[in-house]
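User: I would like to go through the terms used for this model one by one, and to see each value set against its cut-off.

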Amino acid sequence: MAENILKGTWLTGWDPEDEDAWRRSGHQVARRNLALSILCEHISFSVWTLWSVLVLFMTPEIGLAFDPGEKFLLVATPTVVGALLRLPYSHAVTRFGGRNWTVFALLLLLVPTLLALYFIRQPGTPLWVFLLIGGLGGVGGGNFASSMTNITAFFPQRHQGWALGLNAGGGNLGVAAVQLLGLAVIHTAGRDHPEYVAAVYLPLILLAAALAARLMDNVDAVRTVPGAQREAVRRADTWWISLLYVGTFGSFIGFGFAFGLVLQNEFGASPVQAMGYTFLGPLLGSLSRPVGGRLADRLGGARVTLWTFLAMGTGTLVLIIAARTGSFRLFVAGFSALFLLSGLGNGSAYKMIPAVFARRAENEVTSGHDATEAFARARRLSGAAIAVAGAVGALGGAAINLAFKASYADGSGSGTPAFLTFLGYYAMCVLIIRFVYLRRTPTRATAPGDVREASRA
């Protein structure tokens with residue numbers, strides 16, 4: 001198997017469910033690719049969320065006077081583009097290979113980074129130029145889908161919750177990293193040099209691309225037959241889980257882009273004050289994502305996700321109370337709790353995808369279908385469903401920023417209408433999990449795809 005294949009070529013015949021091969025060398029190959037994938041995705045996320053930091057530098061003093069609505073629109077733009085790119089990116093990795101596509105996608109990040117480096121220092125630059133550059137930065141968000149699809153093929157199903165959680169959590173840390181970098185720049189160089197934030201990532205992109213080209217593998221198992229995504233979108237589970245992922249990842253990435261702007265508009269925080277707090281939430285959410293995956297491996301993805309949404313609803317109520325009472329500390333604490341919980345939910349919701357399709361395969365086998373074919377189809381559909389859920393979930397981040405834009409546009413200086421909208425969505429997610437994935441198993445024999453399968457997600 002993998003031990004007889006040179007690194008950098010296609011690993012043919014790769015089967016992570018083969019216990020003997022996994023113990024001999026499969027786990028080593030998988031972990032090496034996972035480590036490099038985390039590094040590359042981390043840098044991609046940082047470039048994707050670069051504008052969450054740069055907008056805090058955009059003031060009349062440097063010749064970039066934009067109102068709050070324009071800034072929320074700017075941070076929403078890369079979110080939308082990143083979401084729309086996730087489907088083609090997940091397909092690209094199945095066509096060109098994980099290593100090949102990772103190198104190409106990383107080098108592509110040089111374009112928006114160089115443009116941001118130049119134009120952020122040009123006073124009077126119109127908004128449409130920044131919207132275009134922000135849109136180009138969305139390619140960093142697309143990298144998430146190709147990375148997650150690729151890593152799924154390296155690990156057996158029983159380890160996918162943890163592996164996907166580490167991969168995504170390491171990538172999500174890029175949100176906190178770029179904000180910490182912005183804080184470091186503002187303390188060392190002052191508020192007039194936002195270009196330094198972008199400049200740091202240029203050598204990092206080149207280094208990560210070189211490491212990926214040298215040490216990553218293309219794995220034959222990630223290749224999909226034509227129409228896998230079309231089949232996945234016809235499955236109801238794909239859309240149910242996508243809606244849940246809007247609530248978890250959409251919250252994480254949407255809040256990550258908007259947190260600093262919300263603090264400025266809700267409490268009048270300065271750029272320095274805003275940056276001093278904005279990194280904390282994304283950091284907590286990133287670190288908690290693999291924990292959510294691990295808990296889902298042990299307790300079931302649906303159960304962990306259900307309790308996560310209940311807690312997120314409580315956290316949103318805390319934000320509403322803090323906004324109405326003007327309590328800055330309570331507001332930051334509530335936001336930080338939402339980041340932490342959204343990270344847990346990201347890990348557990350993603351774990352639901354391979355679990356649901358694996359359970360369907362088991363039901364097909366017990367009904368007399370060929371086991372090899374059933375589980376191969378389940379893996380293909382899992383990869384395709386992950387791509388769909390990732391794309392829809394990222395669009396949730398854009399929706400959050402647009403909700404804040406509408407909430408603050410009326411001049412009231414309050415985000416409460418947006419928070420009430422989020423609260424209603426979390427309540428809907430609780431109902432989806434309760435009645436779709438945690439219904440009681442009837443005493444009669446169940447058919448493939450019914451309640452028994454859902455309850456084990």
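User: What should I keep in mind about numbering and about the origin of the model?

Analyst: This is a predicted model, in which local features need pLDDT of at least 70 and side-chain atom pairs count only at pLDDT 80 or more, while totals for chains, interfaces and linings use all residues. Residues are numbered from 1 along each chain as its sequence is written, and side-chain values use heavy atoms, with hydrogens and water left out.

User: How many aromatic pairs does a search of the whole structure find, and why is the pair of Phe 72 and Phe 404 called stacked?

Analyst: The search of the whole structure gives 35 aromatic pairs. For Phe 72 and Phe 404 the centres are 6.0 Å apart and the planes are 25° apart. Rings of Phe, Tyr and Trp (its six-membered ring) pair if their centres lie within 6.5 Å, and planes under 30 degrees apart count as stacked, over 60 as edge-to-face and the rest as tilted; the pair of Phe 72 and Phe 404 is therefore stacked.

User: What makes this pair a tie between parts apart in sequence?

Analyst: Phe 72 belongs to helix α3 (residues 68–96) and Phe 404 to helix α16 (residues 371–409), so the pair ties together parts that are 332 residues apart in sequence. Helices here are DSSP runs (H or I, at least four residues), as are strands (E, at least two), numbered from the N terminus.

User: Are Phe 72 and Phe 404 buried or exposed, and how do you know?

Analyst: Buried means under 20% relative accessible area, exposed over 50% and partly exposed in between, with a 1.4 Å probe and protein chains only. Phe 72 has 0% relative accessibility and so counts as buried, and Phe 404, with a relative accessible area of 0%, is buried too.

User: Why is the pair of Phe 335 and Phe 419 edge-to-face?

Analyst: The ring centres of Phe 335 and Phe 419 lie 6.3 Å apart and the planes stand at 75°, so the pair is edge-to-face. Since Phe 335 is in helix α15 (residues 328–366) and Phe 419 in helix α17 (residues 416–437), the pair ties together parts that are 84 residues apart in sequence. Both Phe 335 and Phe 419 are buried.

User: Which residues line the second largest cavity, and what makes a residue part of a lining?

Analyst: A cavity is a set of points, on a 1 Å grid over the protein atoms alone, where a 1.4 Å probe fits but cannot get out, and lining residues have an atom within 4 Å of a point. The lining of the second largest cavity includes Arg 235, Phe 357, Arg 360 and Glu 364, and α15 and α16 each supply at least two of its residues.

User: How many disulfides does the structure hold, and are Cys 40 and Cys 429 buried or exposed?

Analyst: A disulfide is a pair of cysteine sulfur atoms within 2.5 Å, and the structure holds 0 disulfides. Cys 40 counts as buried because its relative accessibility is 4%, and Cys 429 counts as buried because its relative accessibility is 0%.

User: Where does Val 219 lie, and why does Val 219 count as buried?

Analyst: Val 219 is in strand β2 (residues 218–219), and its relative accessibility is 0%, so Val 219 counts as buried. Val 219 and Arg 99 are 120 residues apart in sequence and, C-alpha to C-alpha, 8.7 Å apart in space.

Notes. 1 Å grid on protein atoms, 1.4 Å probe; cavity = no way out; pocket = protein on both sides within 12 Å on 5 of 7 lines; lining within 4 Å.
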